[in-house]
Amino acid sequence: MLKKIYDSSPAILQDLFLTFQAYKYRRFRQGGQYTHFLHFLRKSQNFSADELLTWQVNQFKKVFGEAYENTRYYKKIFDAIGLHPKDIENFDFLKRLPVLTKDMLRESPNDFINNERKIVYTAKTGGTTGAPLITPFDAESTQWASAFTARFMEQSGVRYGDRNLHMTGQQVVPLNEKRKFWRTDFLGNALYLSVHHLGPSTFSAYWKKILTFKPKYIFGYASFIYDLAKHVNSNNKSGEIKLQGVFPSSEKLTDEMRKEMETAFSCTVFDHYGSTEGIPLITQCKQGMYHIVPESGVIEFLNSDGLPAEIGDPAEMYMTSLRQLSRPILRYKIGDTAILSNGSCSCGLSWPVVQELTGRLSEWITLADGRRISQFSHQVFKVVSNVVESQIIQHNYEDFEVLIVNSEHFSDHDETFIRERMKELIGENVTISFVY
């Protein structure tokens, strides 16, 4: 209902709605202890490796000591090995603990939630198979997340909240829009570009607005920014604006993507890795090196046998988060891969170096008018319930097939909702069939 009211409102009212919603979101993300956390992170980035380890252990005791007292799962696994979280002195014990999987979080979500913490919002991720995973956040966890983002941007030379272009999956512009393919968050200094309208015939309108807006950086899905950069370069607009940074997220950044972006916007691309679940972060410094952010958590790099991987070999990452308190994450098998390095970096940070992020490639669909919509299945299934696994196959511009493993609660209503959601994103003139 609210979406229909929004879509039918004049563009200026949509700007105001967007501004209000973004302000509400920032208010709890940057309230409370946010300023304290950011002040600490500005200091801790200069800690030695030993100082960081001491802090990590103490933070682990806080997060998982609380989880031991207030969650069924963590009390059970720590009791099983005869160890209280507050008794640990290093992270050698991790290999004694079971691995946490996405299926475990989906099947018994209440076993992992710290009931002593008030949930202020929930986030949903579609995952690579479209199976939704809901993550609850309390205020402290959201404020940690915002503080990490703010410091990352400061390290890269921009301020969190400078004039920016925002390119993620939110459908802030109705599909029937023919002229103004963006909406403005006035208080957040952000121009939200529609990723569903960008194409050869609309690029000039986008570019004229971007030049007028004069952004300092871009934040958004890697493939969306890449599409914009390709249009800039193919239309000989490279270098017409010189940004202070580009911050892609959510997908593996390839060398081709990076080259297109840096050519288009005459700046450095600062990649980073994280997820909706609140896992440890990996960010890229000014020297171009990837670093594990130690205050965010601990990452184990394991081979296919579950043993520590050799330096330089592709490995699966197992995550222990120190920033997610409402649903603590311990030895979480996220399904992404990377290569750990034993090298150091001239940037001055004493953080572990990651040679390469090798997992998390993107997928997309292509429309008849030349538009490409990346992470399409995620945009569909992040708002869908009662689906265990899914796949969308595009046979041609108008013909789509949806493969679904459904839960026992799936109904005709869910199929209708999926069909309407797909048409909402790509238009009415498509054929959508379902296979169960």
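Analyst: The buried residues of α5 pack against α4 (49-70) and α6 (102-107). Contact means heavy atoms within 4.5 Å; buried means under 20% relative accessible area, exposed over 50%, and partly exposed in between, with a 1.4 Å probe and protein chains only. The model is predicted, so local features need pLDDT of at least 70, side-chain atom pairs count only at pLDDT 80 or more, and totals for chains, interfaces and linings use all residues. Residues are numbered from 1 along each chain as its sequence is written, and side-chain values use heavy atoms, leaving out hydrogens and water.

User: Which residues of helix α5 are buried?

Analyst: In α5, residues 72-81, they are Y73, Y74, I77, F78 and I81. Seen down the helix axis, these buried residues fall within an arc of 115 degrees, so they line one face of α5. The arc is that of the directions from the helix axis to the C-beta atoms. On the other side of α5, R72, K76 and A80 are exposed.

User: How many helices and strands does the chain have?

Analyst: Helices (H or I, at least four residues) and strands (E, at least two) are DSSP runs, numbered from the N terminus. Here there are 12 helices and 19 strands.

User: What share of the chain is buried?

Analyst: Buried residues make up 53% of the 436 residues.

User: And how do I read contacts along the sequence?

Analyst: Take contacts between residues at least 6 apart in sequence: in this chain, 66% of them join residues at least 24 apart.
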